[in-house]
Amino acid sequence: MELIFYKYQGTGNDFVILDNRDERYNGLTNEQVRFLCNRRFGIGADGLMLLNNANGYDFEMKYYNADGGESTMCGNGGRCLVKFAYNMGIRKEKYHFVAVDGPHDAEIDDNGIVSLKMKDVDGIKDYHSDFILDTGSPHYIKMTHNVLDFDVYKKGKEIRNSNTFAQNGINVNFVERKNNDEIIVRTYERGVEDETLSCGTGVTASALVCYHNERGFNDVTVQTKGGKLSVEFDRTDEDVFRNIWLCGPAEKVFEGSLTIN
């Protein structure tokens, strides 16, 4: 099979994207996805996405982790797919697409910043003084100091593979609060089984935990190893969050063709 592929990144979270509106890649196997995401033998990426047609929507987002399995929502992936759709001629003032966790809205401003509306969040679970919540994917939040010097791979792998989370997996975020409305986040991602330079749903989850206004509008700046993102949201009640937007850059890296078995 010959693939025409596109590589995009959002704050260092990188993805292989295939235009599947003609359904030519419907037969892609998990093994082929793993190969394409392999950084030594394939293209190299944290995940792979298909741009599909969807009745009633501008498009459908189908997402695979680097391990080849179809996965839950990816925030940076969603932002990159919106930019890809724009570059492929789907031009909208406001995008309305569907992903595995339901419908999403998105916008691209004049500076190329892609803002993605995330699912509403109801409830944050306290877990041994840490936090668990779902922002389209499940996330574990651990507040810490000196996060840039922290061994994210070792501790993240330990939590992700603990008895509680081993079966379904969980993304593990280590968060340092810089000031009232700015945090630093590093994430160990399931499916990649390593630290990534940025994780959109993890950034979102971390920002919700680190709200600075008890009620009403919050705007949290998030520094990741791959760059800065912002998360805007309304905290309408105790652990109830609405109008959640993940905002940041999304850029095309390169495109090419590749023949795979």
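The model is predicted, so local features need pLDDT of at least 70 and side-chain atom pairs count only at pLDDT 80 or more, while totals for chains, interfaces and linings use all residues. Numbering runs from 1 along each chain as its sequence is written, and side-chain values use heavy atoms, with hydrogens and water left out.

The protein comes to 4 helices and 18 strands (DSSP runs numbered from the N terminus: H or I of at least four residues for helices, E of at least two for strands). Its radius of gyration, taken over C-alpha atoms, is 18 Å, which agrees with the value near 18 Å for a compact globule of 261 residues (the rule being 2.2 Å times the number of residues to the power 0.38). Of the 261 residues, 53% count as buried, meaning under 20% relative accessible area with a 1.4 Å probe, protein chains only.

Strand β5 (residues 95–99) is mostly covered, with 4 of its 5 residues buried. A hairpin of 2 residues takes β5 into β6, and the two strands pair in the antiparallel sense over 5 bridges (pairing needs at least two DSSP bridges). Within this pair, H96 sits opposite D105 of β6.

I170 lies in the loop between α3 (152–160) and β12 (171–179) and is buried, at 2% relative accessible area. Leaving aside residues up to four places away in sequence, I170 touches I132, P138, H139, Y140, R160, F165 and R190, contact meaning heavy atoms within 4.5 Å. R160 is 10 residues from I170 in sequence, yet their C-alpha atoms are 5.5 Å apart.

Definitions and conventions. Buried < 20%, exposed > 50% of the residue type's maximum accessible area, 1.4 Å probe, protein only.
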